[in-house]
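Please open the model in your viewer and keep the selection tool at hand. The stops below are to be taken in order.

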Amino acid sequence: GLVDSYGVFVPGHLPPVEDLSQTVAHAVAASFRLAIEMAAPFIVLGTVFFVGLGLIARLVPQLQVLFVTQPLQILGGLLLMGLLAATGMGWFLQVFTQQFQSIIPG
C-alpha cells in the first residue's frame, strides 16, 4: 500500500486539487443525504407527535401538555431507536462502503 501510494501521489508534484475538492464536495453531500435519510423516521415521529400535542393543548387548555408528555416523547424516541438500530446500522454500513469505494480508486 505504501509503495502504491507513490503512484497516486507522485513525489514532487502537487496533487490534483480540483479533483480532490470535487470529491470532497460529493462525499459531504452524500454524507448529509445519508444523515437526513437515517433521521427521517425521527423527524416524522417528532412532527406527528408535536402536531398531536398542539391539538391536545387546544382541546384541553388546563393540561400542561409539554410536562405530561415529555416522558412519552423520550419513550417513543427510544422505542423507535430500538426498532431501527439493527436495520439502520446495516444500511449505514452498506452505503458507507459504497461511498468509500467510490472515493478510493482501485
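**A salt bridge within one helix**

Begin with helix α2, residues 17-59, and select Glu37 and Arg33: these two lie four residues apart in this helix, which means that about one helical turn separates them. The model is a predicted one. Display both side chains; they meet in a salt bridge, with an N to O distance of 3.8 Å. A search of the whole structure finds one salt bridge.

Glu37 is partly exposed, at 36% relative accessibility. Arg33 also falls in the partly exposed class, its relative accessibility being 47%.

**Along helix α3**

Next, select residues 65-103, which form helix α3.

With α3 still selected, highlight its buried residues: Val65, Thr69, Leu80, Gly88 and Val95.

**Last stop: Phe100**

Remain in helix α3 and select Phe100. Is this residue buried or partly exposed? Phe100 has a relative accessible area of 47%; because buried means under 20% and exposed means over 50%, Phe100 counts as partly exposed.

Finally, draw a line from the C-alpha atom of Phe100 to that of Gly12. The two residues are 88 apart in sequence, and their C-alpha atoms are 27 Å apart in space.

Methods
Residues are numbered from 1 along each chain as its sequence is written. This is a predicted model: local features need pLDDT of at least 70, side-chain atom pairs count only at pLDDT 80 or more; totals for chains, interfaces and linings use all residues. Side-chain values use heavy atoms; hydrogens and water are left out. The expected span of a helix is 1.5 Å times one less than its number of residues. Buried means under 20% relative accessible area, exposed over 50%, partly exposed in between (1.4 Å probe, protein chains only). A salt bridge is a side-chain nitrogen of Lys or Arg within 4 Å of a carboxyl oxygen of Asp or Glu.
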